Amino acid sequence: MVVKVGMADLNICAAPDSIITLGLGSCVGVVLWDPSTKVCGMVHVMLPDSTSISQNSNRAKFADTGMDDLLDKVLLAGASRNRLVAKIAGGAQMFTVNTKSPTLMIGARNVEAVKKKLSELRIKLLAEDTGDTYGRTVEFYPETGEYHIRAIGREGKII
Amino acid sequence: MADMSIESITSQYMDVLAELGNIGAGNATTALASLLQSKVDMKVPQVRLLDFKDVGAIVGGEEQEIVGSYLGVEGDITGSILFLVKKDVAMHLVTKMMMGYASGEFGEMEQSAFKEISNIITGAYLNALSTMTNMCIYPTVPDLAVDMAGAILSVPAIQFGIYGDNVLLIQSQISDEIDIDGFFIMVPDIESYEKILRALGLVQ
């Protein structure tokens, strides 16, 4: 079975299933994985920081609260706190327009916020495929720990 | 600043977009007909308020290849505009505009032609808004992206994400030989929402 994660959404999955999010742009797909129990979870982060925004009831939308909730969920599903590792992908800059709008740089800010949160949670970042200017479909297989990345007009890669 | 909930802004802003959609799409259709030198029909455009999870589906799925043209908005209000169509529709439009000189690929020439088309269409909408509000509004030079719908739509979704969990867009349906579904997403900066509503007499 393939578990789907939507925009500003999170979910968990265990081997032999896989977990996927389609068409990541400036958002970041964060995977937490326990290689021993082969349990994992993915959150589709849209914005870096819940504390700077008043409309923050959807916790999965933000790097900080989304990763806290994801951590709780994978632990409940049987992952071990000290075995958890992370892989991340996304955070592209889709457009470059000469405006003062900081929202176009949001991809890089999302990646930075995710990394900061990982280090706060003391979870090791094993691999990443972030930045650049193209969209990605990402699928994680908890059986092997492979994070498959597809993009239009590019060779797929596995991190 | 008046005390307005995000919900009340959204519902009033939807009315504004409905009106804008009607006038803007009319202008755009006329401009497009003269550019393509052909007869173009238009249906009444629809304003849609979509949950994040349904955003990809409206253009045929998150992985559907689409062409997005992104412009900044400057002048009395600030914000951004994204105009998008499916890639085959973009190819159809540029092939017609280039009168047979398109290469069949969406290369540099075709991208440049599509930028022109998106300038005309977004200009038609902005002129409509300018006329309605009596404000000076102009677009920046557009930037194109040809990519998965989910990835391109993440840009306005993130901008709306600061205020809530929905995306507001105008879906316009025009047709010449084929149906041309175009999607027009305008995200004013938060202080510009109020300026627009005030200019239209919707808030004091």
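In chain A, A:L32 sits across from A:G41, a residue of strand β5(A). The two strands involved are β4 (residues 28-34) and β5 (residues 39-45) of chain A, which pair in the antiparallel sense over seven bridges. The model is predicted. Strands of a sheet pair through backbone hydrogen bonds, either parallel or antiparallel.

**The sheet that holds β4 and β5 of chain A**

- In chain A, five strands make up an open sheet, and their order across it is β2-β5-β4-β6-β7. The pairing in this sheet is mixed.
- Strands β2 (10-14) and β7 (124-130) of chain A are at the edges and have a single partner strand each, so one side of each has no neighbour in the sheet.
- From one strand to the next, the twist averages 15°.
- Helix α1 (residues 63-76) of chain A packs on this sheet and touches β2, β4 and β5 of chain A. The direction of helix α1 makes about 165° with that of β5(A).
- Helix α2 (residues 106-120) of chain A also packs on the sheet, where it touches β4, β5, β6 (85-90) and β7 of chain A. The direction of helix α2 makes about 25° with that of β4(A).

**How the two helices of chain A meet**

- The axes of α1(A) and α2(A) are 9 Å apart, and the helices pack at an angle of about 45°.
- The two helices α1(A) and α2(A) are therefore oblique to each other.
- The crossing of α1(A) and α2(A) is right-handed.
- On the α1(A) side, the contact is made by A:A63, A:D64 and A:M67. On the α2(A) side, A:N110, A:A113, A:V114 and A:K117 take part.
- Sorted by class, this contact of α1(A) with α2(A) has four nonpolar, one polar and two charged residues.

**The other sheet of chain A**

- Another open sheet in chain A has five strands in the order β1-β3-β8-β9-β10, again with mixed pairing.
- Strands β1 (2-4) and β10 (157-158) of chain A stand at the edges of this sheet; each has a single partner strand, so one side of each is left without a neighbour.
- Within this sheet, β8 (residues 136-141) and β9 (residues 146-150) of chain A pair in the antiparallel sense over five bridges.
- A:F140 has A:Y147, in β9(A), as its bridge partner.

**Chain A as a whole**

- Chain A contains two helices and ten strands. Starting at the N terminus, its elements run β-β-β-β-β-α-β-α-β-β-β-β.
- The radius of gyration of chain A is 15 Å, close to the 15 Å that the globule rule gives for 159 residues, so chain A is as compact as a globular protein of that length.
- The C-alpha trace of chain A spans about 50 × 40 × 25 Å along its principal axes.

**Backbone details in the loops of chain A**

- Most residues other than glycine have a negative phi, and most peptide bonds are trans.
- The peptide bond from A:A15 to A:P16 is cis, and its omega is near 5°. A:P16 belongs to the loop between β2 and β3 of chain A.
- A:D132 is a residue other than glycine with a positive phi, near 65°. A:D132 is found in the loop between β7 and β8 of chain A.

**Where chain A touches chain B**

- Chain A has 30 residues in contact with 31 residues of chain B.
- Strand β3 (residues 18-24) of chain A gives the most to the side of chain A that touches chain B, contributing three residues.
- That side of chain A is made up of 15 nonpolar, 13 polar and two charged residues.

**Chain B**

- Chain B has six helices and eight strands. Along the sequence they follow the pattern α-β-β-α-β-β-α-α-β-β-α-β-β-α.
- A compact globule with 204 residues would have a radius of gyration near 17 Å, and the 16 Å of chain B agrees with this.
- Taken along the principal axes, the C-alpha atoms of chain B fill a box of roughly 55 × 35 × 30 Å.
- Helices α3 (residues 87-97) and α4 (residues 108-133) of chain B pack at an angle of about 95°, with their axes 9 Å apart. This angle makes α3(B) roughly perpendicular to α4(B).
- The contact joins B:A90, B:L93, B:V94 and B:M97 of α3(B) with B:E110, B:A113, B:F114 and B:I117 of α4(B).
- By class, the contact of α3(B) with α4(B) has seven nonpolar residues, no polar and one charged.

Technical notes:
Residues are numbered from 1 along each chain as its sequence is written. Chains are lettered from A and ligands numbered from 1 in the order in which they are written. This is a predicted model: local features need pLDDT of at least 70, side-chain atom pairs count only at pLDDT 80 or more; totals for chains, interfaces and linings use all residues. Two strands pair if DSSP finds at least two bridges between them. Helices (H or I, at least four residues) and strands (E, at least two) are DSSP runs, numbered from the N terminus. Axes are lines fitted to C-alpha atoms, for helices over the stretch in contact, and angles run from 0 to 180 degrees between N-to-C directions. Two residues are in contact if their C-beta atoms, placed from the backbone, lie within 7 Å. Ala, Val, Leu, Ile, Met, Phe, Trp, Tyr, Cys and Pro count as nonpolar, Asp, Glu, Lys and Arg as charged, and the others, Gly among them, as polar. Angles under 35 degrees count as roughly parallel, over 145 as roughly antiparallel, 65 to 115 as roughly perpendicular and the rest as oblique. A crossing is left-handed if the near helix is turned anticlockwise from the far one by less than a right angle, and right-handed if clockwise. The radius of gyration is taken over C-alpha atoms; the globule rule is 2.2 Å times the number of residues to the power 0.38.
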